[in-house]
Structure formats: C-alpha cells, structure tokens
Amino acid sequence: MSTRIAFLKGHGTENDFVIVPDPENTIDLPPAAVAALCDRRAGIGGDGLLHVVRSVAHPEAKDMAAEAEWFMDYRNGDGSIAEMCGNGVRVFAHYLQRAGHADEGDLAIATRGGVKTVHLSKDGDITVGMGKALLPEGDVTVSVGERSWPARNVNMGNPHAVAFVDDLAHAGDLYSPPPFSPAAAYPDGVNVEFVVDRGPRHVALRVHERGSGETRSCGTGACAVAVAAARRDGADPTATGTPVTYTVDVPGGTLVITERPDGEIEMTGPAVIVAEGEIDAEWLERFVR
C-alpha cells in the first residue's frame with residue numbers, strides 16, 4: 001500500500017460519501033477500514049463509501065464488464081456491503097465525468113443490484129435508470145415507541161419498508177433501526193421510510209438507512225416511496241398505462257421520480273464533489289490488519 005491514497009468527498013442531496021478511486025482493485029478496504037473512513041469525528045465522514053473499480057478487476061463485477069466498464073463497490077457507513085445506493089450512483093457518475101472517464105450523455109455503471117443506466121445532462125442534473133421495483137407480498141408493520149404503522153414492502157435492489165404517517169416527527173430520532181414485523185420479511189435488515197403528503201404527486205420523507213442510521217437522503221428510498229405512493233393513490237402506471245412522476249422532498253433537497261408503464265423507474269437529482277485529498281495509508285493500515 002502506498003503511503004498516500006487519493007480520495008474525494010461528494011454528496012447527492014446531502015447523502016454524503018467518501019470516494020476512493022481504485023481502478024485495478026488494489027486497495028484493501030475491510031469493514032473496519034470503511035467504518036473508520038466514514039467516521040465523522042475520527043475519519044473523513046460519510047454515510048457510505050464509493051469504491052471506484054473497473055468491473056473487470058472486481059470478482060463481483062466481472063460478469064458485467066461487457067456492459068459497464070466501472071463497478072460501484074458500495075459500502076454502508078458501518079462498513080457493511082450494500083446492493084445499491086441511488087444517490088451514490090449519481091455521485092459515482094459525477095466523479096467519473098470529473099475524472100475524464102465519462103462524457104455528457106448515457107453511461108452504464110455496474111452495481112450489486114445490476115447494471116444501471118445513467119444520463120449526465122448539460123444542466124448538471126443526473127438521471128439514473130433504477131430498474132423495476134419488486135413488491136413482495138405479505139403485511140409488514142414498523143414501529144417507533146408506542147406507535148405502529150402498516151408499511152409497503154418495496155425492493156429496489158435493496159429492501160425498503162414505506163410507512164405513511166401524519167407527521168415526520170413521529171419517526172423519532174432514527175438513531176437505531178425502527179422495529180419491524182414479521183422478522184422474516186427482512187432477514188438482512190431494511191431501510192425504513194416515513195412519509196407525509198405535501199400536495200398532489202408530492203411527498204416528503206425521513207429515512208433510517210440500514211447500516212448508516214438516519215441520512216439526509218436515500219435515492220432508492222425515494223424510488224420506493226414513489227412506487228408505494230402511486231399504488232396508494234391508484235396511479236400504478238403498470239395498470240393505467242400512463243407514466244407517473246412524484247416530487248420527493250428529502251431533508252437534503254429534492255428528487256424527481258418517474259415510473260413508466262413498463263415498470264422502469266428513473267430518478268433525477270444533483271450530485272456534488274466538495275473536496276479531494278489524500279488518506280494517510282499508515283493510519284488506514286491500522287484498520288486493515
């Protein structure tokens with residue numbers, strides 16, 4: 001390991017990430033190292049880490065290399081591995097453009113949730129093809145304190161429980177994962193969204209992200225919320241044949257989610273790189289051993 005490792009810091013609607021470019025997959029990043037880098041007091045700080053690797057160089061992405069040159073090896077803030085991160089994909093694409101690996105227009109990015117198509121627009125907004133939602137059957141309930149709500153089970157390549165509430169304050173502090181039942185619905189944990197209405201086709205959310213706690217934004221969560229809201233509102237585009245668009249306010253900004261009659265979902269929002277620098281490899285090695 002070299003004595004210095006390049007990093008960048010970026011965010012998408014204030015869902016923030018440490019970005020570690022590593023095209024040939026030579027940097028060892030075990031969970032303890034990722035958690036240390038994402039620590040907001042003793043590290044760089046972030047809701048998660050974007051490990052930038054060429055697909056052909058990563059064992060989990062080699063099969064996608066023909067479709068997508070780059071693999072987003074995404075980790076949660078506690079170091080655990082996640083299937084997908086919608087805001088992370090936008091920041092990842094923005095980094096690739098900044099680094100000269102991508103131009104305006106369409107770009108394919110490999111993730112553990114499959115290959116995602118990204119469009120880099122001239123105005124700076126980035127649209128991500130998020131794929132189709134899966135809607136597992138069965139009732140789910142989430143709780144905070146003495147309150148409980150029915151939740152919609154939505155899978156966006158990662159699991160979500162979407163609960164419509166009267167007041168976002170009812171979500172509590174979201175420091176710890178909100179309890180859910182039945183336990184079998186989410187054997188590996190779940191992202192929980194609490195949602196209120198703001199107007200026609202306009203909602204707002206707070207979210208507890210599995211492995212990260214409450215975050216300022218969750219891209220897959222915003223998609224899950226739009227899907228759940230469309231079903232609740234009788235606007236399921238797979239049934240009506242008409243696309244539906246929801247504006248989703250998150251604590252860190254606004255995302256626009258469109259679901260098409262074929263079930264494909266698009267998410268549009270900003271991405272920002274705020275800093276770049278070097279990690280002291282000797283410091284990082286303490287968490288690798």
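Tutor: Let us begin with a definition: Ala, Val, Leu, Ile, Met, Phe, Trp, Tyr, Cys and Pro count as nonpolar, Asp, Glu, Lys and Arg as charged, and the others, Gly among them, as polar. Please also keep in mind that this is a predicted model.

Student: How do the residues of the lining of the largest cavity divide into nonpolar, polar and charged?
Tutor: The lining of this cavity, whose volume is about 60 Å³, consists of Tyr74, Asn76, Ala82, Met84, Cys85, Asn158, Asn191, Glu209, Arg210, Cys218 and Thr220. Under the definition above, Glu and Arg count as charged, while Tyr, Ala, Met and Cys count as nonpolar. The division is therefore five nonpolar, four polar and two charged.

Student: Which element gives the most to the lining of the second largest cavity?
Tutor: That cavity holds about 30 Å³ of space, and its lining is made up of Cys223, Ala226, Val227, Ala230, Val244, Tyr246, Ile257, Glu259 and Ile265. Two or more of these residues come from each of helix 3, strand 15 (244–250) and strand 16 (253–259). By kind, the lining has eight nonpolar residues, no polar ones and one charged. The element that gives the most, with four residues, is helix 3.

Student: From which element does the largest share of the lining of the largest pocket come?
Tutor: The largest pocket has a volume of about 190 Å³ and is lined by 14 residues, with Val140, Pro150, Ala151, Arg152 and Asn153 nearest its centre. Strand 8 (140–144), strand 9 (147–155), strand 10 (159–164) and helix 3 (219–232) each give two or more residues to this lining. In kind, the lining residues are seven nonpolar, three polar and four charged. The largest share, four residues, comes from strand 9.

Student: Which residues touch the most other members of the largest nonpolar core?
Tutor: In soluble globular proteins, nonpolar side chains tend to be buried together. Here the largest nonpolar core has 53 residues, and helix 3 gives the most to this core, with nine. In the largest core, the members that touch the most others are Met72, Leu96, Ile109 and Ile257.

Student: Against which elements do the buried residues of helix 1 pack?
Tutor: Helix 1 spans residues 31–38, and its buried residues are Ala33, Val34, Ala36, Leu37 and Cys38. The partners of these buried residues are strand 2 (15–21), strand 3 (48–54), strand 4 (70–76), strand 18 (272–280) and helix 5 (281–285).

Student: How many disulfides does a search of the whole structure find?
Tutor: A disulfide is a pair of cysteine sulfur atoms within 2.5 Å. For Cys38, the nearest cysteine sulfur is that of Cys85, 11 Å away, and for Cys85 it is that of Cys218, 6.6 Å away. For the whole structure, the number found is zero.

Student: Is Cys85 buried or exposed?
Tutor: The cut-off for buried is under 20% relative accessible area, and for exposed it is over 50%. Cys85 has a relative accessible area of 4%, and Cys38, at 5% relative accessibility, also counts as buried. Because 4% lies under the 20% cut-off, Cys85 is buried.

Notes:
Residues are numbered from 1 along each chain as its sequence is written. This is a predicted model: local features need pLDDT of at least 70, side-chain atom pairs count only at pLDDT 80 or more; totals for chains, interfaces and linings use all residues. Side-chain values use heavy atoms; hydrogens and water are left out. On a 1 Å grid over the protein atoms alone, a cavity is a set of points where a 1.4 Å probe fits but cannot get out, and a pocket is an open set with protein on both sides within 12 Å along at least five of seven lines; lining residues have an atom within 4 Å of a point. Grid points are joined across faces, edges and corners, and a volume is the space filled by probe spheres set on the points. Buried means under 20% relative accessible area, exposed over 50%, partly exposed in between (1.4 Å probe, protein chains only). Contact means heavy atoms within 4.5 Å. A nonpolar core is a set of buried Ala, Val, Leu, Ile, Met, Phe, Trp, Tyr and Cys residues joined through side-chain atoms within 4.5 Å.
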